[in-house]
Amino acid sequence: LEKVNEKYNLKFDLRIGVHTGPVVAGVLGLKRLVYDVWGDAVNTASRMESNGVPGLIHISSEMYDCVDGMTNIFDYTCCGKMDIKGKG
């Protein structure tokens, strides 16, 4: 993203939220097909993104449990406990 911003003189930033859990997926429409996913896991990932810091990937504690111990692949730092809307 930094290279694209430099090349085209832009100021794009990116936030990513990741969670793990069950979802329901499906195709909507008859003429213009749209693929979508729904569920609490999708909503939680969205909350991770909206509460995240630009330029970083924000993961839920459940996702952290999945990647904990993979420090040879992932570099992560705990940002502490956060109040997430709809999550108590």
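Hi everyone. Accessible areas here come from the Shrake-Rupley method with a 1.4 Å probe, and for residues only the protein chains shown count as cover.

Two housekeeping notes. This is a predicted model, in which local features need pLDDT of at least 70 and side-chain atom pairs count only at pLDDT 80 or more, while totals for chains, interfaces and linings use all residues. Residues are numbered from 1 along each chain as its sequence is written, and side-chain values use heavy atoms, with hydrogens and water left out.

Let's start with the overall layout. The chain has three helices and four strands, and from the N terminus they come in the order α-β-β-β-α-β-α. The chain is more spread out than a compact globule, because its radius of gyration is 16 Å, well over the 12 Å that the globule rule gives for 88 residues. Helices (H or I, at least four residues) and strands (E, at least two) are DSSP runs, numbered from the N terminus. The radius is taken over C-alpha atoms, and the rule is 2.2 Å times the number of residues to the power 0.38. Along the principal axes, the C-alpha atoms fill a box of roughly 45 × 40 × 30 Å.

How much of the chain is buried? Of the 88 residues, 15% count as buried. Buried means under 20% relative accessible area, exposed over 50%, and partly exposed in between (1.4 Å probe, protein chains only).

Now find the hairpin. Strand E2, residues 24–28, pairs with E3 in the antiparallel sense over five bridges; two strands pair if DSSP finds at least two bridges between them. Five residues sit between these strands, and in this hairpin Gly29 takes a positive phi near 100°. Tyr35 belongs to E3, residues 34–38, and is the bridge partner of Val27. With a relative accessible area of 59%, Tyr35 is exposed. Beyond its neighbours within four places in sequence, Tyr35 is in contact with Ala25, Gly26 and Val27, where contact means heavy atoms within 4.5 Å. Tyr35 and Ala25 are ten residues apart in sequence, with 7.4 Å from C-alpha to C-alpha.

Next, Asn9, in the loop between helix H1 (2–8) and E1. Asn9 is not a glycine, yet has a positive phi of about 55°. Most residues other than glycine have a negative phi. Asn9 is also exposed, at 70% relative accessible area.

Is Ser60 buried or exposed? Ser60 is buried, with a relative accessible area of 4%. You'll find Ser60 in the loop between strand E4 (57–59) and helix H3 (61–67). Leaving aside neighbours within four places in sequence, Ser60 is in contact with Val18, His19, Thr20, Thr44 and Met48.

For contrast, take Ser46 in helix H2, residues 40–50. Ser46 counts as partly exposed, at 38% relative accessibility. Its C-alpha atom is separated by 25 Å from that of Gly69, 23 residues away along the chain.

Last stop, the surface. Leu1, Val4, Tyr8, Leu10, Phe12, Leu14, Ile16 and Ile57 form a nonpolar patch with about 770 Å² of accessible area together. Patches are made of residues with over 30% relative accessible area and no salt bridge, joining like charges within 9 Å and nonpolar side chains (Val, Leu, Ile, Met, Phe, Trp, Tyr) within 5 Å. A salt bridge is a side-chain nitrogen of Lys or Arg within 4 Å of a carboxyl oxygen of Asp or Glu. Ile16 is in strand E1, residues 16–18, and counts as partly exposed at 34% relative accessibility.
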